[in-house]
Amino acid sequence: MKQQRVGIIGGMSWESTLLYYKKANQQIATRLGGMHSADLLIHSLDFASICDWQHRGQWDKLDRLMADTACRLEAAGASAVAIATNTMHRCAPAVTSAISVPLINLISNTASACINAKHKHVGLLGTRFTMEADFYRGELQNRGLTVTVPAKNEREDIHRIIYDELCQGQVTSMAKQRFLAIMHSLAAQGVTGFILGCTEIGLLINSDDVPFRLFDTTDIHVEAIVGHLISSSGS
């Protein structure tokens, strides 16, 4: 089988992009067998300036950067593009309008996974930008999901742990316990499933840690990427 080629905008952080690369290749090896590996183009960006622009609210700069990077990947032969991060899907409209190939949208695929699993009331965990802005919750709610986010002080703790620890490869028991306490608090409000709405959270929490259904967006997104790689038009 001749694969399609997917361009991935990564490096945000490189810790999670590493998981994308590993998991995509593992799935391709399982599905196609033999010596097959994933046909990917990865543009790994320097996260330092991106992080700074996020916290300064300079999303216009980020829109231009994401759109330009996506165009470069398309020009290099990508038949679809994926943004390997939840927060930067805030720039998805700018990317979609800049390219002629599809954007494999993480939020859309996550919404479908929740609906298919019949979890209509979900807790959303992620960066402050993801939990507080409408670009993510709005998409989920438009698909008929009820979305609950943690309280303000809990959102601040999650945001700090993501940027100060997980994005820098630090995984601590204290951070895990804080996440678990927050999740149990949301479960008491009727949440039945949790969207791990930051690609680094899977480094800290997995299904063995909680009695709740977890929707790991990295896994969901990688499955959609692999689905495109082996779609019939690439055979």
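In what order do the 4 strands of the open sheet run, and is the pairing parallel or antiparallel? Bear in mind while you look that this is a predicted model. Select the strands, and you will find that they follow the order E5-E4-E6-E7, with parallel pairing. The edges are formed by E5 and by strand E7 (213-216), each of which pairs on one side only, and the twist from one strand to the next averages 30 degrees.

Stay with E6 and E7, which pair in the parallel sense over 4 bridges; if you display the side chains here, Ile195 stands opposite Phe215 of E7.

Next, select helix H7, residues 134-142, and colour its buried residues, which are Phe135, Tyr136, Gly138 and Leu140. These buried residues pack against several elements, among them the strands E4 (121-125), E5 (146-148) and E6 (193-196), as well as the helices H5 (106-116) and H10 (217-229). Another of the packing partners is helix H6 (128-132). Following H7 comes Gly144, whose phi is positive, near 95 degrees.

Finally, show H5 and H10 together. Two packed helices are described by the angle between their axes and the distance between the axes. For H5 and H10 the packing angle is about 105 degrees, and the axes lie 9 Å apart; the two helices are therefore roughly perpendicular to each other, since angles of 65 to 115 degrees count as such. To see the contact itself, pick Leu106, Asn109, Thr110 and Ala113 on H5, which meet Thr217, Ile220, His221 and Ala224 on H10. Sorted by class, this contact has 4 nonpolar and 4 polar residues, and no charged ones.

Note on methods: Residues are numbered from 1 along each chain as its sequence is written. This is a predicted model: local features need pLDDT of at least 70, side-chain atom pairs count only at pLDDT 80 or more; totals for chains, interfaces and linings use all residues. Side-chain values use heavy atoms; hydrogens and water are left out. Buried means under 20% relative accessible area, exposed over 50%, partly exposed in between (1.4 Å probe, protein chains only). Contact means heavy atoms within 4.5 Å. Axes are lines fitted to C-alpha atoms, for helices over the stretch in contact, and angles run from 0 to 180 degrees between N-to-C directions. Angles under 35 degrees count as roughly parallel, over 145 as roughly antiparallel, 65 to 115 as roughly perpendicular and the rest as oblique. Ala, Val, Leu, Ile, Met, Phe, Trp, Tyr, Cys and Pro count as nonpolar, Asp, Glu, Lys and Arg as charged, and the others, Gly among them, as polar. Two strands pair if DSSP finds at least two bridges between them.
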